[in-house]
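Student: Can we go through this one together? I'd like to see what stands behind each label.

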Amino acid sequence: MEKSIIKLKNVSKFYYSKGVIASGFSRINLEFKIGEFVAITGESGSGKSTLLNVISGLDSYEEGEMYINGEETSHYTEEDFEDYRRKYIGNIFQSFNLVNSYTVYQNIELVMLLNGAKKKEVKDKVLELIRKVDLYKFRNTKVSKLSGGQKQRVAIARALAKDTPIIIADEPTGNLDSRSSKSILKLLSEIAKDKLVIVVTHNYEDVEEYVTRKIKMHDGKVLEDKKIRDYKEVSNIKENNYKDISFLSKIRLGIRNTFNVLPKFLLVLLVYLFVVTSLMSEYASFREEEHLESISGYNGYFLDNDEDRIVLKKNDGTSFSEEDYNDILKIDNVDYVMKNDLLLDTMINISDNDYYLSTRVNSIDNFRGKIDIGKMPEEESEVVIAGSKNDYYIGYMANEILDRELYLTDMYTGEMDKSNPIKIVGISYTDSKGYYSDDVIYVNNSIMESLTYEVNQVYSKIKVLFQNKYYDSSNYDNNFRIIPKRNIDEGNAYISSDLNYLCKNYNCIGTDISIDAENIYYKESINLKVNKTYDKKNIESLTGIKDYESISGVIFISSTDYNKLYSKGNFQSSVFVKNVHNIDNTIKLLNDRGYSTLKITDALVKLDALAAIRIFKTIVTVILAVVLFFISYFVIKVILKSRNIYFTTIRMLGSSKKVSRQILIIELINDANIAYLLFGVFLLLNYFGVINISFAHTIIEYMKGNDYVLLYLVLVMMSYLISNRFARKIFKDSAMKVLKEEV
Ligand code: ADP
Ligand code: MG
């Protein structure tokens, strides 16, 4: 006599629920051998299912001892039972427990893959089993489309695919009509030839002709255990030699699961798109903020704090030559050079008797905007002005100032230079915020040049030598100021009669004087003879200026002498770059060419409050990521709830918690990849101007390569955490409990 593969000795099973103990079955003694085909009958609630679950290792028992192949199991851990189930047990359920979204083939293949077989190896065996249960025609049909009888055939083929010595079927025909029932039971009896098959059924008559033994249960006890006919004992027990699922199979299943239920796929994709979009925009706006902060700040010296500006000096202290400028312009990222850098940081005033505009100035050659009102200049005197639409003159009075004759006014005296009128013929609106220093007037190069001399004077100190003594603003009430006049001959000077006390006999006419102009770049001196003195009465006839009060301290000289003092060339220029993100590289190239540089944003005094804003922003981004994680976790959890049955099924088929989790991770990462890819396409479409969504442009502008990698890793991390939590949840309850809840 062969030993029993399963032996129960005084085994009892109790259920504890809400403090009440219920008995599933008590003090059962049974033995089963390979080759038997056992039918278990009994009224509902008599303990049949409980008994099968204990035998299957799906449920524990509390009393007695169950032996498997002669081995005690009372000390078994959950893992031991899992191992036992994979080696010995194939289950068939009343409710089939198939994966409805898989085809017949895929359902049978699934169990083989989960038990370590390779996809290529299993094909023949899967098809053979499908033929055996007579479903070859339906091999590529989704299980959801099959009839109940067909489904149970798939379940049987699947149980056989696992190749275990024991098949346990709990009311496999409970949901079937009597014709299908009969054929299923016949199929089971055929299997039983070299296996132990235990089947619970209410229709004993249908199996009577096949069974070798009948067990009748009543109230948790065995009422009858009767041999019906002989069977051929099988001596060698063949365990299922399972391996762990291969890496490739996990990938394959994960990817299959991504797409196999379309609505689920779309929903999960939507969640991921939402996460990617919010994370990216938040992150990009954080980057933008960081950038804006780096270019903002306070500076008392520069008016033009454009982030793309670099201030240049030559290392040897000489002035820039045209050759230098051409060389600089050859650098790829250089947009243009402002030769006289000082003008960028100077406000010039233009007015007539009614209007008074205070603006910055630049060369028309450097104008990069587009004309919104009027036209580009054609004549020498014509200029363009750029600024905010909110600016009073440019915005509201645009039509008033257009084509009106205006005059540059002297920076010191405020006198209008009527000999050189200018005319605003074009207005260009910029997106500047409308601060007072944001307007820029673009003038032609001859106006540029005269302004250059003037601004050079502003940045220079003047000393005047009278009778061997130097005078400057420290020992004279007024600043000296030099104004060129065309009608004065070279070498002559007109000075105020107020200065007569500095000369012999209180009369300066005929006195030799020297004027020194000195700034950080050069010192220049000219010798002159005082030719005339002016006072309240003769000022207008000498110079055309009416207001004497405003000009005492002014020395009028010839244009030639004036040019000697102030047209020494440019010692400081500014470069403007095309792409501010590459500015550091451009600075390096300029340094290599012998220029010392100052990135304008480095000259800004930062306010401490900005550091606080940055920390705050970081916290907000982190909080957002966490919030998004939980939102998406709960949404995905709800979506995945419909998939509990899937994971319970693969658990029944031998998938461990780890494997289930990994398959889910692969599925979610796959979803994440697709969402990421779609978002990438969306960004590219914006980049190439096919569509034009503003937040996409913020992302494109401010996110760097590393940022994309980082956010991708955040997404993968999220998928990992979600699958982890989800796997923990499905494995918290016993497979049996999950199954009962689902069915
Ligand atoms: P059968 O399959 O023969 O209809 P079961 O094995 O399902 O009977 O049930 C046997 C007994 O155990 C019944 O009294 C039933 O109420 C009880 N029982 C079954 N499952 C549970 C459970 N999860 N919790 C509490 N009692 C249970
Ligand atoms: Mg039952």
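Tutor: Let's take the domains, then the ligand.

Tutor: This is a predicted model, where local features need pLDDT of at least 70 and side-chain atom pairs count only at pLDDT 80 or more, while totals for chains, interfaces and linings use all residues. Residues are numbered from 1 along each chain as its sequence is written, chains are lettered from A and ligands numbered from 1 in the order in which they are written, and side-chain values use heavy atoms, leaving out hydrogens and water.

Student: What makes domain 4 and domain 5 separate domains?

Tutor: The bounds come from an automatic or database domain assignment, which gives 344-452 for domain 4 and 460-566 for domain 5. Their C-alpha centres lie 30 Å apart.

Student: How many residues does each of the two put into the contact?

Tutor: Contact means heavy atoms within 4.5 Å, and here six residues of domain 4 and ten of domain 5 take part.

Student: What is the area buried between domain 4 and domain 5?

Tutor: Buried area is the accessible area (1.4 Å probe) that two parts lose on being put together, summed over both. For this pair that comes to about 670 Å², with 49% from carbon and sulfur atoms. On the domain 4 side, Tyr412, Thr413 and Glu415 supply 72% of the area buried against domain 5.

Student: Over to the ligand: why does Lys48 count as a polar contact of ligand 1?

Tutor: A polar contact is a pair of N or O atoms within 3.5 Å; within protein, one must be able to donate a hydrogen and the other to accept it, and residues adjacent in sequence count only if both atoms are side-chain atoms. A polar side-chain atom of Lys48 is 2.9 Å from a ligand 1 oxygen, so the pair qualifies. In the Ser49 side chain, an N or O atom is 2.7 Å from an oxygen of ligand 1.
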